[in-house]
Amino acid sequence: MDGRESGTGPGPVGVGRGVRVGVDVGSVRVGVAASDPDGLIATPVETVRRGEGEPGPAATDVLQVVRIVEERGAAVVYVGLPRHMSGAEGSASQAARTYAGVLAHAVAPVPVRLVDERLSTVSAHQALHAAGRSGRRHRAVVDQAAAVVILQSAMDAERTTGARSGELVTSDPPSEGAPARSGT
């Protein structure tokens, strides 16, 4: 376990303080949300337009998420893992796993964890509708709202269990020829 995943403080026992970042990976956009340092409330941060093709360590969308993680000093990143209602995984799940693997390498040693995101987009649309946003205006913020749902669910699970939520993503090195991440 990474030292960033344990600690003491007002957060759940064994989890500790630290900003958490939530990511909703879509084929066109990536929604990003962040928490307060105590991991109590998730708030929307940004919607990032996806680059062309497969994600890589130098893709503009990955670099923007890395920037957010670094600027906020995140202790953990939660990436939504879309599953069918049966719990089975499909092509969207594989795309999220690929993105999470690239992101895990790019933000290391900050841990990246996959969390079940069934119904996060549905919940986000419902919340936006309840807040009075017209369906036409949802598209611009629904990815951020879905990231908020993903992050808030992960933090609620942390409080219930006293441990980080989801499945830890291992950080594989980038493919040959891809630039390595510099910095911290």
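In helix α1, the residues Asp61, Val62, Val65, Val66, Ile68 and Val69 are buried, where buried means under 20% relative accessible area, exposed means over 50%, and partly exposed lies in between (1.4 Å probe, protein chains only). These residues cover an arc of only 160 degrees around the axis, which puts them on the same side of α1; the arc is that of the directions from the helix axis to the C-beta atoms. An α-helix has 3.6 residues a turn, so residues three or four places apart point the same way. On the other side of α1, Thr60 and Glu71 are exposed.

This is a predicted model, in which local features need pLDDT of at least 70, side-chain atom pairs count only at pLDDT 80 or more, and totals for chains, interfaces and linings use all residues. Residues are numbered from 1 along each chain as its sequence is written, and side-chain values use heavy atoms, with hydrogens and water left out.

The cover over the buried residues of α1 includes β1 (20-25), β2, β3 (42-49), β4 (76-81) and α2 (91-107). Helices (H or I, at least four residues) and strands (E, at least two) are DSSP runs, numbered from the N terminus. After α1 comes Gly73, whose phi is positive, near 60 degrees.

Strand β2 (residues 29-35) contains Ser35. Ser35 is buried, with a relative accessible area of 7%. Leaving aside residues up to four places away in sequence, Ser35 touches Gly18, Val19, Arg20, Ile41, Ala42, Leu151 and Met155, a contact being heavy atoms within 4.5 Å. A polar atom of the Ser35 side chain lies 2.9 Å from the backbone nitrogen of Arg20.

How values were computed. A polar contact is a pair of N or O atoms within 3.5 Å; within protein, one must be able to donate a hydrogen and the other to accept it, and residues adjacent in sequence count only if both atoms are side-chain atoms.
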